[in-house]
Amino acid sequence: MRIGELAALTGVSERSLRYYEEQGLLSPTRKPSGYRDYAVSDVDVVRHVRMLLSAGLNTTFIKEVLPCMVDTGDGLAPGCPELLPHLHKERDRMTVAIDGLATARTLLDDVIAATPPSNTEYDEWVAARAS
């Protein structure tokens, strides 16, 4: 199938499909005309890639783990036991990032709380802070 068909079937843009190919996640054959020719199985590959991207994994990591992932019907699961420590490491990386974002949000909340509500109430706000 051509790239437009795959895009329509998966809801993924043609640009993203080309990017997935560039990243080694898809390997379409080429017709003599130079057009990409995708296999029917690439529909599932694209859906799996999207699922793993939604889980916060980057394409480099996905390229490594995708061959070991198994579609359970309810989602993806690692089919290779040695993959689990790598998935835990990615989860730990995400936890650190989430904690950092929570700290940043708290700091931003403090800045917002310290901002006067409007210019017309500025004098009252300054007076309240001075007391």
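Let me start with one term: two residues are in contact when they have heavy atoms within 4.5 Å. Hi everyone, and thanks for coming; please keep in mind that what you see is a predicted model.

With that term in hand, take the contacts between residues at least 6 apart in sequence: 42% of them join residues at least 24 apart.

Now the layout. We have six helices and four strands, and along the sequence they run α-α-β-β-α-α-β-β-α-α.

What about the overall dimensions? The C-alpha trace spans about 80 × 40 × 25 Å along its principal axes. The radius of gyration is 24 Å, whereas a compact globule of 131 residues would come out near 14 Å. Buried residues account for 23% of the 131.

Let's go inside. In soluble globular proteins, nonpolar side chains tend to be buried together. Here, the largest nonpolar core holds 23 residues, and Leu6, Leu17, Tyr20 and Leu52 have the most contacts inside it. Two or more core residues come from each of α1 (3-10), α2 (14-22), α3 (42-54) and α4 (59-65). Which of these gives the most to the core? That would be α3, with four residues.

Finally, let's zoom in on Leu52. Setting aside neighbours within four places in sequence, Leu52 touches Leu57, Ile62, Val65, Leu66, Met69 and Leu76, by the contact criterion I opened with.

Notes: Residues are numbered from 1 along each chain as its sequence is written. This is a predicted model: local features need pLDDT of at least 70, side-chain atom pairs count only at pLDDT 80 or more; totals for chains, interfaces and linings use all residues. Side-chain values use heavy atoms; hydrogens and water are left out. The radius of gyration is taken over C-alpha atoms; the globule rule is 2.2 Å times the number of residues to the power 0.38. Buried means under 20% relative accessible area, exposed over 50%, partly exposed in between (1.4 Å probe, protein chains only). A nonpolar core is a set of buried Ala, Val, Leu, Ile, Met, Phe, Trp, Tyr and Cys residues joined through side-chain atoms within 4.5 Å.
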